[in-house]
Amino acid sequence: MSSSNLIQDIINGLLLGGLYALIAIGYTMVYGILRLINFAHGDILMWGVYFALYAVVALSMPWWIAFVIGIALAGLLGFTVEKVAYKPLRSAPRISSLITAIGMSFFLESLAVVVWGGIPKSFNIYPKFFNRTLIFGHVRIQMLTFFILGVTFILLLAVLWLLYRTNTGTAMRAIATDIPTTSLMGANVNNIISLTFIIGSMLAATSGIMWAMRYPQVQPYMGFVPGMKAFIAAVIGGIGSVPGALVGGFLLGMTEIIVVGLFPNLAGYRDAFAYVILIVLLMFRPTGIFRVYSEQKV
Amino acid sequence: MSEVLLKLEKLNVYYGAIHAVKGININVFKGEITTLIGANGAGKTSTLNSIMGLLKGIKGKIFYKSRDISHLRTDAIVKLGISLSPEGRRIFPNLTVDENLRMGAYFRKDINGIKSDRKWVLELFPVLKERLKQMGGTLSGGEQQMLAIGRALMANPDILMLDEPSLGLAPLIVKEVFDVIKKVKSEGKTVLLVEQNAAAALSIADHGYVLETGNIVLEGKGKELLANDEVRQAYLGITV
C-alpha cells in the first residue's frame with residue numbers, strides 16, 4: 001500500500017469512525033442511565049434523514065434548513081419514544097424495556113414503509129460543490145469529506161464540553177450512577193433523561209444525514225447497519241462511557257477501512273470485522289476499553 | 001416554644017404487604033436538633049425517605065412550613081429547603097469531590113450564595129479541600145460521609161436531614177461529624193438526625209423520638225431520653 005493510499009484510508013477511517021461515534025454516543029448515554037439498549041436508535045436516525053429529505057422534496061426548503069429540521073424532529077421523536085415507550089417501564093424488569101425497544105424499532109421501520117414507501121430514494125438534496133474533489137499530490141479528497149469531518153469533530157467536542165464542563169452534563173454523569181440520589185440534589189430526573197434522549201437522537205440524525213450524503217440512498221431499513229455498528233462501537237468502548245463510545249467508534253471505523261485497504265479481496269467481509277473485533281476484545285476485556293462505575297446501581 | 005418547621009401527621013409507609021411505619025406523628029422545631037433513634041428496621045430511613053418523596057406507598061400528611069408536601073416530587077421538596085444526606089452516603093463515585101459538591105447546589109441560581117456555602121462547607125470539612133479533584137469513589141468511608149453532609153449543605157437547606165451519619169465510622173470521625181452537626185445548628189439551621197448510635201445522637205439532640213417496629217414508643221427532650229431507664233437498657237446497653 002502506498003503512502004498516499006494510506007493517507008486516503010486514514011481519512012476515510014476517521015470519517016466512518018466519526019459517523020459511528022456520533023451514533024454510539026446515544027446508545028451509551030441511554031444505557032448509562034437506564035441500563036436500556038435503545039434498539040430504536042438506528043430507526044430514529046432513519047426518520048431524521050427522511051424528515052430532512054422531505055423538507056426539501058415536499059416543502060422545497062433550502063438544504064441546510066432541511067438538515068436542521070430533520071435533526072430537530074429526530075430529537076423530538078427520540079423524546080416522544082422515551083415518554084411513550086420507556087418511561088412507563090422505568091421500574092419494570094429490564095427485560096420488559098428491552099423487548100419494548102425491539103418492538104419500537106420494528107414499529108418505526110414499518111411506519112416508515114407506510115409513510116415514506118419502501119422504495120429506496122436518492123438523497124441528492126445537497127449542493128453539488130460537496131462533490132468537488134480536491135487533489136493533494138496523489139490524495140483525492142471530496143469537499144464532502146471535509147464537511148463531514150468538520151461537523152463530526154465540532155459535535156464530539158461539544159458533547160464532551162457539555163458532559164464535563166456544564167452543570168447539566170455533571171447531572172447527566174451523576175444520574176448514570178444513581179437516579180434517586182440525583183433527584184435528592186433538586187434535579188428533575190425526568191428532564192435530564194429526556195434531554196439525554198433528545199441529544200442522542202439529534203446526534204444520530206446528524207450522523208445519518210451525513211451518512212446519506214456519502215452513501216446517497218435512503219430507505220426504511222437504512223438505520224440498521226449503522227445502528228448495529230455503532231452499538232458494537234459502544235460496547236467495545238465500554239457501554240455507558242461517552243469517551244469509550246468515541247474511541248470505540250473510531251477504532252471500528254478505522255479498522256474496517258484499513259483492513260479492506262490492506263486486503264482488498266476481503267472487502268466483502270467488511271461488516272464481519274466489526275464482530276471479530278468485538279468478540280476478540282470481549283474475550284480479554286469483557287467490560288470494554290473504558291471501565292464504567294456501576295456498583296452503585298441498585 | 002418555637003415554631004414547628006416540619007410536622008408528620010399519621011405517617012404510614014407500606015412496602016407491599018409490609019407495614020413499615022405505622023401512623024407516626026413527629027414535630028421538628030425550627031433551629032433545633034431532632035433525633036429519631038431505633039434499631040435496624042424500626043422505620044427510621046423509611047420516614048426520612050418519605051419526607052423526601054422517594055417512596056410510593058405512603059399515607060398520612062407531611063407538613064413543611066404548614067404546607068402539605070406529601071405529594072410533591074423529590075426535586076420540588078429539595079427546592080423548598082429540605083435536603084438529605086442519605087443512608088450509605090450515596091456519593092457519586094464517578095464525579096470528583098468538587099463536582100459532587102456542585103451537584104448539591106444543582107438547582108440554585110445564586111452564584112454568590114453557592115460560593116459562600118462552598119467556602120463554609122470546606123471550612124467545616126477541611127479534608128475535602130485537599131481532595132477536590134479526586135473521584136468521589138476513591139474517598140475513605142469517613143471522607144465520603146463528610147462529602148455527603150457537605151453536599152446536602154450545598155443546597156442551603158432550612159432542614160438538614162442526616163441518615164445514620166455515624167454508620168461504619170471510627171469513633172474519632174464520629175465525634176468530628178457530630179461536632180459539625182452542632183456547628184450546623186449554631187448557624188440557625190434545623191437538623192433531623194436519624195441514628196442507631198443513640199448515645200451520641202441524644203447527647204446533641206434537643207428533642208428525640210424512639211422508634212420501634214414502626215411505632216413511636218418514647219418521645220422527649222434529648223437529655224431526658226438519655227436518662228430514661230428504658231432507653232438506657234434497650235439502646236445504650238446499660239443495665240439499670
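This is a predicted model: local features need pLDDT of at least 70, side-chain atom pairs count only at pLDDT 80 or more; totals for chains, interfaces and linings use all residues.
How many helices and strands does chain B have? I looked this up first. Chain B has 10 helices and 10 strands.

**Entry: chain B as a whole**

I checked the overall form of chain B next. For 240 residues, a compact globule would have a radius of gyration near 18 Å. Chain B has 17 Å, which agrees. I took the box along the principal axes, and the C-alpha atoms of chain B fill roughly 45 × 40 × 40 Å. I then looked up burial. In chain B, 47% of the 240 residues are buried. I also looked at contacts in chain B with a separation of 6 or more, and 66% of them come from residues 24 or more positions apart.

**Entry: chain A as a whole**

I found 11 helices and 4 strands in chain A. Its radius of gyration is 19 Å, close to the 19 Å that the globule rule gives for 298 residues, so chain A is as compact as a globular protein of that length. The box for the C-alpha atoms of chain A is roughly 60 × 50 × 35 Å along the principal axes. Buried residues make up 46% of the 298 residues. For contacts in chain A between residues at least 6 apart in sequence, I noted that 74% join residues at least 24 apart.

Ile7(A) and His138(A) are 131 residues apart along the chain, yet their C-alpha atoms are separated by 9.7 Å. Ile7(A) sits in helix α1 (residues 3-34) of chain A.

**Entry: where the chains meet**

How many residues of chain B are in contact with chain A? I found 21 residues of chain B in contact with 17 residues of chain A. On the chain B side, α2 (74-80) and α3 (97-104) are the elements that give two or more residues. I sorted that side by class and got 12 nonpolar, 4 polar and 5 charged residues.

I found 7 of its 8 residues buried, so α3(B) is largely enclosed by the rest of the structure. The buried residues are Val97(B), Glu99(B), Asn100(B), Leu101(B), Arg102(B), Met103(B) and Gly104(B). What covers them? The cover includes α6 (167-177) of chain A. It also includes α4 (111-124), α5 (126-129) and α6 (141-153) of chain B.

**Entry: helix pairs in chain A**

I reminded myself how packing is described. Two packed helices are described by the angle between their axes and the distance between the axes.

I took α9 (residues 224-237) and α10 (residues 242-262) of chain A. They pack at an angle of about 120 degrees, with their axes 7 Å apart. The crossing of α9(A) past α10(A) is right-handed. On the α9(A) side, I listed Lys229(A), Ala230(A), Ile232(A), Ala233(A), Ala234(A), Ile236(A) and Gly237(A). On the α10(A) side, I listed Gly244(A), Ala245(A), Val247(A), Gly248(A), Gly249(A), Leu251(A) and Leu252(A). By class, this contact has 9 nonpolar, 4 polar and 1 charged residues.

Then I turned to α2(A) and α9(A). Their axes come within 8 Å and cross at roughly 135 degrees. α2(A) and α9(A) are therefore oblique to each other. α2(A) passes α9(A) in a right-handed crossing. In α2(A), the residues His41(A), Gly42(A) and Leu45(A) meet Phe224(A), Pro226(A) and Gly227(A) in α9(A).

**Entry: two positive phi angles**

Which residue of chain A did I note for a positive phi? Ser60(A) has a phi of about 40 degrees, although it is not a glycine. Ser60(A) lies in the loop between α2 (41-57) and α3 (63-86) of chain A. It has 8 other C-beta atoms within 10 Å and is exposed.

Lys10(B) has a positive phi of about 45 degrees and is not a glycine. I found Lys10(B) in strand β1 (residues 4-15) of chain B. Lys10(B) is exposed, with 11 other C-beta atoms within 10 Å.

Definitions and conventions:
Residues are numbered from 1 along each chain as its sequence is written. Chains are lettered from A and ligands numbered from 1 in the order in which they are written. The radius of gyration is taken over C-alpha atoms; the globule rule is 2.2 Å times the number of residues to the power 0.38. A residue is buried if 20 or more other C-beta atoms lie within 10 Å of its own, exposed if 12 or fewer, and partly exposed in between; C-beta atoms are placed from the backbone. Two residues are in contact if their C-beta atoms, placed from the backbone, lie within 7 Å. Ala, Val, Leu, Ile, Met, Phe, Trp, Tyr, Cys and Pro count as nonpolar, Asp, Glu, Lys and Arg as charged, and the others, Gly among them, as polar. Axes are lines fitted to C-alpha atoms, for helices over the stretch in contact, and angles run from 0 to 180 degrees between N-to-C directions. A crossing is left-handed if the near helix is turned anticlockwise from the far one by less than a right angle, and right-handed if clockwise. Angles under 35 degrees count as roughly parallel, over 145 as roughly antiparallel, 65 to 115 as roughly perpendicular and the rest as oblique.
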